[in-house]
Amino acid sequence: MNDQTKIDQDRAERTEKLQGMGCKRKRVEDIRFTQGKGSYVDDLKLPGMLFGDFVRSPHAHARIKSIDTSRAKALPGVIAVLTAADLKPLGLHYMPTLAGDVQAVLAEEKVLFQNQEVAFVIAEDRYIASDATELVDVEYEALPCIVDPFKSMLPDAPILREDIQDKMTGAHGPRKHPNHIFEWMIGDKEATDAVFANADVTIKEMLVDHRTHPSPLETCQSVASFDKVKGELTLWGTFQAPHVIRTVVSLISGLPEHKIHVIAPDIGGGFGNKVGAYAGYVCSVVGSIVLGVPVKWVEDRMENLSTTSFARDYHMTTELAATKEGKIQAMRVHVLADHGAFDACADPSKWPAGFMNICTGSYDIPVAHLAVDGVYTNKASGGVAYRCSFRVTEAVFAIERAVEVLAQKLGMDAAELRIKNFIKAEQFPYQSALGWEYDSGDYHTAMKKAMDTIGYKELREEQAKKREAFKRGETRELMGIGISFFTEIVGAGPAKNCDILGIAMFDSAEIRIHPTGSVIARMGTKSQGQGHETTYAQIIATEIGIPADDIMIEEGNTDTAPYGLGTYGSRSTPVAGAATAVAARKIKAKAQMIAAHMLEVHEGDLEWDVDRFRVKGLPEKFKTMKEIAWAAYNSPPPNMEPGLEAVNYYEPPNMTYPFGAYFCVMDIDVDTGVAKTRRFYALDDCGTRINPMIIEGQVHGGLTEAFACAMGQEIRYDEQGNVMGASFMDFFLPTAVETPNWETDHTVTPSPHHPIGAKGVGESPHVGGVPCFSNAVNDAYAFLGAGHIQMPHDAWRLWKVGEKLGLHASA
Amino acid sequence: MTKSHIELTINGKKVEALVEPRTLLIHFLREQQNLTGAHIGCDTGHCGACTVDMDDMSVKSCMTFAVQANGASITTIEGVANADGTLSALQEGFRMMHGLQCGFCTPGMILRAHRLLQENPTPTEDEIRHGISGNLCRCTGYVNIVKSIQYAAAKINGTPFQEAAE
């Protein structure tokens, strides 16, 4: 073995020991989770703790005539019953929403959706609390309700929000009707209209991204404990953004922020459900402040699905204009957004329709115009980003369905049409017609790799044969090929355009190296299953050469962690991951000065080598990070402060733009409407890959949630505003039996502005997956002249498509 | 409410307790026995996060009254590690194959897989998928849960486990 080989081998061994970026490090979290030792909110048990439960409205729209709590209060074990009358003197019967609206904590004069919170019973145990909810007598006068958002702004529509009916200017400008929330427009309308007026080919389709729900397996819950002597509140809860919750609690309760300790322990999945603030959190806090003992609130599944944070409900009139050769020239979209009874969307404050303006997708579309009207209806509020950045699933669904509709009209292959219109690699950074600067991408390479791997040409040939066989009556099966080439926008975001309640959407990391060379690091984000304790340690390990196993990551305790805006919109890696790298680099810079002092050389004479600084040209003269850490506390250079730690609050210069090419092959039994996914291939480009095992897991999970949304999951209301099927009996969550096998692949196009080039991945598979499934279904029926088929594509609805097309044998 | 006296074995230990007749087994385990590994995800028996092993059967403990466990032998996630405290083959399998993310369904999933492998020590992929279809997971998409169970089956049976190449 020659010397260089030896050096390389030694370096490789030391690198491997670090378990840094790029390796499939096994998860730290799993040690406790596999043994049932996770600590979730409902696991918390405090002395004297009471339980709260809600009395909820059976009506979608009704006036409250009276509330009588006397029978409930008389039940042994009931300690208190709160109503709006109790909260009003404290100014807490309404709370602010992230979208600039207010939301009732407990209904005062009217209820505006079924299952709205009317009273909060506090009792010695959860059974008694539940019993007592049935003893609160509420007299309602039912009112006509609005379920269809298209009827919201009719002249004779009942006015839903009497509390703001005189306020015709909302948080996002003028309101056109008492049930109107905002109109948001972007793009060049005149230029877009002009292109449409003269285009060779145009398409127009109403694309509905239906109402659904993130439904993490753990529901929303909180435990509030107020110490009357110290005047301090500790609040444990299912918070994706614990620091923001602390600020919100301070603002609405009047308690000073330093006397509020918010703790988000282990969280059983979030997917956007746990970003907002809910009535249950507020009532547990008020209950504890009033009673001086801890109060726990735990949502049941029915409450979760029917009250806290729906997603989607976007009705998107989508138009494309193109040349007859298939070059897209313009896009025009109008969205009617059903926000429910309160505008409680969890978007950055200046973005009432989130980042819907990413809807030009992966294509070089010269001009576009987008208008969004938000309206109130008698449904639960929310509009959260369900496993996606803000309204990005909606945007990608619009463009990826529209492109297919256009391809069909042009008689072109849908993949070919996409390739013809892709933004080219050399066009990055790319300015989109609706105002974004895409950081990096190589769409043609990704698409080619995906098409080659899936065998696209052969699949289309097989499909052509099957279609002929179907026409001849030889098969009752339809074959669909779904394509989706998505571009996401994640990592919110730059202070110039992203804030929540006025707080810029930075994120943070604080890293402390202990004298013995082990590390604790804390971030402003909060994992809900993404494996932050594993992956942030990998970033630090690579940056400063300390093994990941010697690095502890802590999140969720607002007393100890630096302020951050939390985990949603795939922002942890793009923002807090960047903060982690920058903080680690500050430490490394100081370590270099210490090493120079120890080795009695100039800093510039040192070079970094995996886990140590060594003297250039003298490889045997080095100091490891571990040695440097000790020196930082034991013998720092003169005039240098001891210790080795750093903090970084990272404000990203831009969003990141992950992308991917997805293909789905589906076989549908035309007589039963049962769709079987034969193959699903997902190629993701999330820039630099920190832990390929975790990335693959994120992609699997996101695809499964996309499969659910596209193929059956829905929150539906009847005409009286009764929420249909708010339990796992009816709400479709795929089991292991229905869930397809997922094939994953990748290309790597690093983000040029991110310190380690990473873009974020957790939500890409959901965003890209939903249109891919829907395109597969639509493609299967396209040759029969079905037109656009709305989601969700459950067997019953697909059977109805076959029925409408006259495909079923007459009885 | 009058309480009922129950005697049962939990993770090999004899337990005596007084419970209300309406107390659900999951609440008895979590709140009276401080065994918080099993979770509540749906309240309707669909999600399986509350799955425990009762007299050699997988039981959804949110659908079972504590009084029904009188005289029974129950194993929860807290009782499945090896006697020396190391992770059992299933626990190890879930970690090695990335069969969990948020961890909320994991205790129920592992208990269900434990019973599945007792019933069928060499399940096919299809048998595993059907065998765990009463347990929902929102994070993983099941592919890696299937692999985790295959890993454990191989380890228990002493046969080689080959992770599929990427």
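Which residues does Leu106(A) touch, not counting residues up to four places away in sequence? In this predicted model, Leu106(A) touches Leu82(A), Thr83(A), Ala84(A), Leu87(A), His93(A), Glu117(A), Val118(A), Ala119(A), Phe120(A) and Ala279(A).

Leu106(A) also belongs to the largest nonpolar core, which has 304 residues. The members that touch the most other members are Val105(A), Leu106(A), Ala119(A), Val121(A), Ala123(A), Ile540(A) and Phe773(A). In soluble globular proteins, nonpolar side chains tend to be buried together.

Chain B is divided into two parts, domain 1 (4–79) and domain 2 (89–157). Taken over C-alpha atoms, the centres of domain 1 of chain B and domain 2 of chain B are separated by 21 Å. In the contact, domain 1 of chain B takes part with 15 residues and domain 2 of chain B with twelve residues. On the domain 1 side, strand S3 (51–54) and strand S4 (57–60) of chain B each supply at least two residues. S3(B) gives the most to that side, with three residues.

Chain B also meets chain A: 44 residues of chain B are in contact with 40 residues of chain A. On the chain B side, helix H2 (89–96), helix H3 (106–119), helix H4 (125–131) and helix H5 (143–157) each supply at least two residues.

The table gives both sides by class.

| Side | Nonpolar | Polar | Charged |
|---|---|---|---|
| Domain 1 of chain B, touching domain 2 of chain B | seven residues | seven residues | one residue |

Terms used. Residues are numbered from 1 along each chain as its sequence is written. Chains are lettered from A and ligands numbered from 1 in the order in which they are written. This is a predicted model: local features need pLDDT of at least 70, side-chain atom pairs count only at pLDDT 80 or more; totals for chains, interfaces and linings use all residues. A nonpolar core is a set of buried Ala, Val, Leu, Ile, Met, Phe, Trp, Tyr and Cys residues joined through C-beta atoms within 7 Å. A residue is buried if 20 or more other C-beta atoms lie within 10 Å of its own, exposed if 12 or fewer, and partly exposed in between; C-beta atoms are placed from the backbone. Two residues are in contact if their C-beta atoms, placed from the backbone, lie within 7 Å. Domain bounds come from an automatic or database domain assignment. Helices (H or I, at least four residues) and strands (E, at least two) are DSSP runs, numbered from the N terminus. Ala, Val, Leu, Ile, Met, Phe, Trp, Tyr, Cys and Pro count as nonpolar, Asp, Glu, Lys and Arg as charged, and the others, Gly among them, as polar.
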